[in-house]
Amino acid sequence: MQGYMKIRSMIVAVSLAFTLASCGDDKGQKVTRDNTQEVLNYYAEHSDFFVFSTIEALPENLAWEDGSGLPEIGSPDAKKGGVWHERIQDFPRTLRLFGPDSNGSFRSYILDYTRPNLAQPHPDTDEFLLYPGLAKEWAVSREDKTVYVRLDPDARWSDGVPLTVDDFVFSFFFFQSSYIVAPWYNDFYGKGTIFDKITKYDDHTIGFTMAEAKPDMAYKAMSDWSPVPRHFFKELGDDYVDYYQWKYVPTPGPYILKPEDVKKGRSISLTRMDDWWGKDKKFWKYRFNPDKLHFTVIRDTPKAFEAFKRGEIDRFRINLAEYWYDKLPNDDPMVQSGYIHKTQFYNNKPRPPWGLWMNESKHLLDNQDVRVGINYATNWQLVIDQYFRGDNTRLRTGNDGYGSFSHPTLQPRPFSIEKAQEYFAKAGFTERGPDGILMNAAGERLSFSLTTGYERLKDILTILREEAGKAGVEIRVEILDATSGWKKVQEKKHDLYFVAFNSPHEMYARYWETYHSDNAYDVAFLEDGSVNPDRKIKTQTNNLQMIADLEIDRLIDLYRASEDADEMRGLAYQLEERLFEHGSFVPGYIEPFERVGHWRWMRYPDEFSYQHMRSDWQFFVHWIDEDLKAETLGAMKSGETFPAKITINDKYKEQ
């Protein structure tokens with residue numbers, strides 16, 4: 001076995017280009033291990049979860065639906081072709097979609113926004129309605145707590161292998177496996193968490209029996225995840241993290257990664273498949289228009305902006321007031337000449353919880369009075385008024401934007417030096433040192449590191465640091481690149497972290513992933529309810545606050561088990577109130593819009609605005625008009641100009 005592992009380690013050490021050249025194509029590739037029997041044994045050992053039936057056993061009189069009555073997404077004016085030039089802040093640390101270091105910013109381009117799920121919520125309907133992706137149609141039986149799905153028979157992996165029910169069944173083996181070193185997936189896809197069992201009826205028909213008949217049962221079954229290819233992971237084993245580090249996983253989506261398009265540390269490109277199986281489907285035919293997506297690593301935001309103004313990248317997100325008003329004002333010559341367009345649109349969706357996430361496992365931050373004091377010492381209103389120039393509003397809780405499921409009255413603690421000092425005094429910090437920072441009787445300073453992976457937002461932290469100092473708190477600002485920052489917080493090595501999770505288009509908020517003690521420690525409490533003195537921190541989870549509270553656990557368990565929307569609302573309110581008491585999250589701000597500067601040749605649908613869209617490129621409805629690009633570049637040389645175009649679409653602006 002040791003000799004075998006040495007050989008595998010040598011294989012892993014082969015150059016990136018060689019590894020990529022061999023991925024996604026089994027032809028001519030020597031398979032050194034086949035885990036088929038291991039997988040079959042796992043199915044047999046967990047036969048209460050993995051059920052293999054026949055099509056004759058499929059229930060009759062099911063009400064099948066396919067979302068065909070929903071509006072198309074994108075524009076019939078969209079043109080296929082061209083290269084979309086975009087910037088990424090740092091080169092991906094892995095091409096794995098799961099496991100350590102996989103949750104970097106580049107994953108959105110190879111998973112979140114480019115791989116169809118079975119079905120997904122429509123981005124521009126008031127009701128929570130699904131449109132098909134990998135599914136042809138589906139039926140919901142609340143009585144059986146089961147969502148039945150028929151796959152689109154046209155669906156293929158990017159290496160040409162047909163996508164079948166076996167891939168979905170295997171995905172649960174994959175996600176439940178310890179090989180992938182991803183505790184969140186192990187828990188989420190384990191029996192009884194969301195899914196109770198899955199049933200294969202034939203190669204294109206599957207049933208997902210849910211643990212609970214939640215109000216959004218179809219969404220939970222079909223929209224929250226994407227399958228992994230069974231044939232690609234035949235060598236899955238305990239060296240998964242290293243062995244698959246630079247292997248590009250076949251996709252059911254339109255873009256693939258070619259080995260010659262990887263320039264490690266500098267750039268990476270994706271290429272659209274001309275024969276993608278979904279290219280003529282109703283909800284996909286006007287999307288994924290560029291032939292190629294080219295991503296250049298530009299670490300510093302100011303340098304990225306200069307690259308944008310030189311035309312080296314096609315768009316630049318200008319949500320920050322500094323960019324919208326000052327660096328690319330409406331009277332900028334490039335804007336007035338019509339070469340660069342400015343677009344702002346509002347959305348109405350669950351709000352990313354921008355704020356400060358405190359690590360309750362750290363010394364001093366394990367004291368509730370210290371945490372509450374930090375809330376009062378954090379001047380978010382000044383950030384909103386000064387940095388955002390009043391365009392943003394204050395976030396109230398960590399789960400705003402879920403309609404009636406969000407707490408209706410809870411308000412964040414305002415900035416107050418007096419209140420901050422009151423709570424710090426309760427924690428024993430009563431004397432200021434010569435630099436104004438509070439100290440306790442033991443001589444400890446009230447000092448914390450504040451880390452972020454958002455270099456472009458560093459000035460926000462400067463304001464917070466200066467204001468906190470007035471209340472006697474020292475904030476040591478640490479700016480990391482996005483990947484390094486996320487790695488630190490996932491390893492739970494932070495004091496305070498400034499970040500926001502992307503909030504998916506869902507009916508109600510999630511609590512277990514972020515607040516349950518299961519995601520803070522291996523065993524947080526003993527059977528008698530007392531704190532386990534030997535508990536070990538659990539890394540690679542989303543419980544960034546390291547909250548371990550039996551009452552919160554109890555409420556979350558009730559919330560997850562409930563099938564009644566009204567009961568869930570009441571439990572959500574109780575959870576928010578309890579979390580407010582903890583004080584380990586300082587609500588920051590809401591950004592109710594998206595602003596983008598884009599060259600004239602990067603086009604969007606007319607009246608472009610989807611109410612559940614978080615960015616201008618999320619649904620890939622934009623396109624690159626190469627004719628307009630040539631015309632624009634020629635005009636810039638000759639001095640010809642075009643009408644300025646500054647668009648403000650306030651259709652979904654909150655009144």
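Y240 is buried at a relative accessible area of 1%, where buried means under 20% relative accessible area, exposed over 50% and partly exposed in between (1.4 Å probe, protein chains only). Y244 is also buried, at 3% relative accessibility. The model is predicted: local features need pLDDT of at least 70, side-chain atom pairs count only at pLDDT 80 or more, and totals for chains, interfaces and linings use all residues. Residues are numbered from 1 along each chain as its sequence is written, and side-chain values use heavy atoms, with hydrogens and water left out.

**Aromatic pairs**

The structure holds 87 aromatic pairs. Rings of Phe, Tyr and Trp (its six-membered ring) pair if their centres lie within 6.5 Å; planes under 30 degrees apart count as stacked, over 60 as edge-to-face and the rest as tilted. Two of the pairs are listed here.

| Pair | Type | Centre to centre | Angle between planes |
|---|---|---|---|
| Y240 and Y244 | tilted | 5.7 Å | 35 degrees |
| W276 and F288 | edge-to-face | 5.8 Å | 85 degrees |

W276 and F288 both lie in the loop between β12 (267-272) and β13 (292-297), so their pair ties together parts 12 residues apart in sequence. Strands (E, at least two residues) and helices (H or I, at least four) are DSSP runs, numbered from the N terminus. W276 is buried at 5% relative accessibility, and F288 is buried at 1%.

**Six-stranded sheet**

An open sheet with mixed pairing has the strand order β1-β8-β9-β7-β6-β2; two strands pair if DSSP finds at least two bridges between them. Its edge strands, each pairing on one side only, are β1 (50-52) and β2 (64-65). Helix α5 (residues 165-176) packs on this sheet and touches β1, β7 (146-151), β8 (195-202) and β9 (205-210), its direction making about 150 degrees with that of β8. Contact means heavy atoms within 4.5 Å; axes are lines fitted to C-alpha atoms, for helices over the stretch in contact, and angles run from 0 to 180 degrees between N-to-C directions. Two bridges join β2 to β6 (residues 135-141) in the antiparallel sense, and E65 has W138 as its bridge partner in β6.

**Five-stranded sheet**

A further open sheet, also of mixed pairing, runs in the order β21-β20-β22-β16-β23. Here β21 (474-479) and β23 (585-587) are the edge strands, and the twist averages 25 degrees from one strand to the next. Strand β16 (residues 355-358) is antiparallel to β23, with three bridges between them; L356 stands opposite V586 in β23.
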